[in-house]
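Dear colleague,

I am passing on the structure we spoke about, and below it you will find my notes on what turned up in it. Please read them with the model open beside you.

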Amino acid sequence: MTQEQIMKNWYMKNADVPLVSVICCTYNHEKYISDAIEGFLKQKTTFPFEVLVNDDASTDGTAAILHRYEKNYPNILKIFYHEINEYSQGVDIFGNLVRTARGKYIAICEGDDYWIDSDKLQLQVNFLEKNPDYGMCYGRVKRYIQRKERFCHSKFGAQIKGFEDLLKNGNRIPTLTVCARRELIDRYNEEIKPAEKHWLMGDYPMWLYIAHESKTKFFQKDFAVYRILSESASHSENPEKRIEFEKSIINMKLFFYKSYSPFPFYQKQEYFRIYALYYYLYGKKEYLSEMQFLYKSLKTPTTLDKFYINICRLPYPLYFFFYALKEIAKKVF
């Protein structure tokens, strides 16, 4: 589809100002970036949208592919090329792209993933325009294991019941399906200052903030394909990297528990369990004392709570033994 064919359906009065800004970060995605770009360009919308792509000094052919697309779609694609890898320098890449974006809404998709529903943006924007009390909407993804070249049997993405549910039960929001209000993302960056927190995940804390400030909508549709690679921030075959990622999640959840979550008695149990994991990942005695204090305040400790308090009395290095057992169990079962 040509640029003219895409833009001919943009019926808004001011077609020069995009209603949606799609943010795409890429690095060495030569094999995958075309799928991502084609997924953006296949979107059928009655409103203008822009695609902002940040190529973080790729050393393969990613930049050459982007140049070709940029030449054919100059009014839709805006590519940012870099000679030095910004991620390794600690640059807030996503924050910079959001500040550059002109859209009222922000959609996100990494360069190794891709959209498969050509009505995705139109469906989401229609809903958000009619429901101002909703801050974002999202859907499901098919998961593709790149190494095995096959799809997983299960899909990712599910309805959440609000902030407390998302905080307690973990992230079920696929980033590549999200369309969110720009104003909420701006407030998140200003209020939370995630770049200063050095969390290893950029999406989960942002969804927590948006869920705290507004409602969220889940579409029971397959919007995209999430590619599972051998090495990424959230998926690594290196046990130490995976432990560091788990540490970061616990650190982030503790921040939201303390700063944004009311703390009635029933939540002490969840808080205790987070401190137990936090202690065993970090090995710091101050977390053990906090955990022991919370354990004493539990009215009815469960078997799992007793297991946590007892395992944390073991020598710290034994954690790696239990971690290894867990990893073996994953592969066997």
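**What was found**

At 40% relative accessibility, lysine 193 counts as partly exposed, where buried means under 20% relative accessible area, exposed over 50% and partly exposed in between, with a 1.4 Å probe and protein chains only. This is a predicted model, in which local features need pLDDT of at least 70 and side-chain atom pairs count only at pLDDT 80 or more, while totals for chains, interfaces and linings use all residues. Residues are numbered from 1 along each chain as its sequence is written, and side-chain values use heavy atoms, with hydrogens and water left out.

Lysine 193 sits in the loop between α7 (182-192) and α8 (194-197); helices (H or I, at least four residues) and strands (E, at least two) are DSSP runs, numbered from the N terminus. Most residues other than glycine have a negative phi.

Glutamate 149 also has a positive phi of about 55° without being a glycine, and it lies in the loop between β6 (134-145) and β7 (150-156). At 60% relative accessibility, glutamate 149 counts as exposed.

Among contacts (heavy atoms within 4.5 Å) between residues at least 6 apart in sequence, 77% join residues at least 24 apart. The accessible surface comes to about 17400 Å², of which 53% belongs to carbon and sulfur atoms; the areas come from the Shrake-Rupley method with a 1.4 Å probe, and for residues only the protein chains shown count as cover.

Helix α3 (residues 62-72) has Thr62, Ile65, Leu66 and Tyr69 as its buried residues. They cover an arc of only 95° around the axis, which puts them on the same side of α3, the arc being that of the directions from the helix axis to the C-beta atoms. Arg68 and Lys71 are exposed on the other side of α3, whereas the buried residues pack against β1 (20-26), α2 (33-41), β2 (49-55) and β3 (77-81).

Within strand β1 lies cysteine 24, which counts as buried at 0% relative accessibility. Not counting residues up to four places away in sequence, cysteine 24 touches Ile33, Phe40, Leu52, Val53, Asn54, Cys109, Glu110 and Gly111. Cysteine 24 and asparagine 54 are 30 residues apart in sequence and 6.3 Å apart in space, C-alpha to C-alpha.

Finally, asparagine 85 belongs to the loop between β3 and α4 (93-100) and counts as buried at 18% relative accessibility. Polar atoms of its side chain lie 3.0 Å from the backbone oxygen of aspartate 56 and 3.3 Å from the backbone nitrogen of tyrosine 87. Leaving aside residues up to four places away in sequence, asparagine 85 touches Tyr27, Asp56 and Ala57.

Definitions and conventions
Polar contact = N/O pair within 3.5 Å; in protein donor to acceptor, adjacent residues only side chain to side chain.
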